[in-house]
Amino acid sequence: MKPRGRSYEVRWRSGRQGDWQTCTFATEKLAQAAKDLAEARHHKISDTDVYAALLGIDQVDDEPEDEQREEVERSPTLAAWVDEWLTLKVDVAESTHKEYARMLRGRVVPVLGDLRVDEISRDKDIDPWKVNLSADLMPAGVQKHWAVLSMVMRDAVPRFRPDNPLDRQPGHRSNGLPKVYKYNACFLSTEEARLLVAACPDAIRDLVRVALGTGMRMGEIFGLRVGSLELRGERPALYVEQTLRRGGTFAEPKSERSRRSILLPKTVAALLADRIKNKRRGDLVFTAPGGKPWDANNFRSRYWDKAVAAAQRCAAHPPTPAKVGNVKKVRRVSDLAVSSCECTTRLQQRPRFHDLRHSHVAYLIDAGWDFFVIQHHIGHASIKTTFDVYGHRLTRGDKARLKALDERLTDGTVTDMQGAKKGRKKAAKKSKGNISPFIEGLGEAA
């Protein structure tokens, strides 16, 4: 941007090898707005679009009058624009669309809905909204709401305003959103998994055993149908072909890699064969006690949370009864009460259902499975995800290498390396034989 006599000129190249674009304005304020708009669009905008956004005309003043826009489109309120945006948002799954609508109408429209889109500012409107949101939601929730509102405002550029007020501001390293700390996955040992399975009621015990034996996601297990099982032959397997989403709708798996086949351990294959007796191909393998598809929230609150709490209670050191209501003499033990002792006869961790998937992968790693095979087995879109989540569990061969190091450093001289090499092979062979009973029969798949 530079002055030219009594006017101001803004000039940029449309893309790396595009044509040069030039706009001229009578005031510095308009020129600065044009510069900000071009930068917000990463310079991928024409001078005609800039004029249209700022002045409401299709071309500069020396073009024929009949080619100019007659009137600037008035900016709607954010509430009206959200409704229009949701109507036009057809490139996402139905469940995702519902989630966008829930977040926008629940946390955005009540606060900012009366403002016109072109009047919303970062300092006066967006930042105070962010602060209030951070007081009510976890950091991950704040970031999700920010991302969705940012999409809404981005699609208003340049139609209603020259920039997106939720974009990272120049000179700032971030948008100042609360930091999301990575959840530390819970890995159950074989003995801990047995304690959990024993504490499960009949309604979910088989389902939990299948999760530990296959590493399937909750929605994948809830959506599993009899026709997706192939239990005959020496290598029984199941096929992940659909998932049960929030709201009770069936949909495609999470990603293309999530559509996969899973080899079954012998115990899981026998369990599933028993469950599907007298069922038709289209029937669900696992249903709620009433025969309907599982609801994830009911599953957690009515069964899973209580099963985990039961596994965390110790018979020798039961939790202390708590007072109930206003009557002093009535005391009982809550279904979610747990013991506080360090006894090994109770579960010391509090796993989520998804941690059964993490535990399954840990069993595969301990059994010597290759990470590339694990990636396809559990349906990760990228092997990077597999390494990011489970790479720290890969310890195979470390003991042998440390033994070789000890042998070399015992007296400060290099010792027999053939012996160290044999030690590494022995340790690797021992690692491959460390197979959890929850994946028994899968050792050959590595």
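Is Trp-81 buried or exposed? I looked it up first, keeping in mind that this is a predicted model. Trp-81 has a relative accessible area of 2%, so I noted it as buried, the cut-off being under 20%.

My search of the whole structure gave 12 aromatic pairs. In one of them, Trp-81 and Phe-160 have ring centres 5.3 Å apart and planes at 80 degrees, so I wrote down edge-to-face. Trp-81 belongs to helix α3 (residues 78–88), while Phe-160 is in the loop between α6 (139–154) and α7 (190–199), so this pair ties together parts 79 residues apart in sequence. Phe-160 is buried too, at 9% relative accessibility.

I then turned to Phe-187 and Tyr-390, an edge-to-face pair with 6.3 Å from centre to centre and 75 degrees between the planes. Phe-187 sits in the loop between α6 and α7, and Tyr-390 in helix α14 (residues 383–390), so the parts they tie together are 203 residues apart in sequence. Both residues are buried.

Which residues form one aromatic cluster? I listed Phe-222, Trp-294, Phe-299, Tyr-303, Trp-304 and Phe-353.

I also checked for charges over rings. The charged end of Arg-11 is over the ring of Trp-20, 4.6 Å from its centre. Arg-225 lies over the face of Phe-250, with 4.7 Å to the ring centre.

Last, the overall picture. I have 16 helices and 10 strands in my notes, and 36% of the 446 residues count as buried.

How values were computed
Residues numbered from 1 in each chain as written. Predicted model: local features only at pLDDT ≥ 70, side-chain atom pairs only at ≥ 80, totals over all residues. Heavy atoms only, no water. Helix = DSSP H or I, 4+ residues; strand = E, 2+ residues; numbered from the N terminus. Buried < 20%, exposed > 50% of the residue type's maximum accessible area, 1.4 Å probe, protein only. Phe/Tyr/Trp six-rings, centres within 6.5 Å; stacked < 30°, edge-to-face > 60°. Lys NZ or Arg CZ within 6 Å of the ring centre and 35° of its normal.
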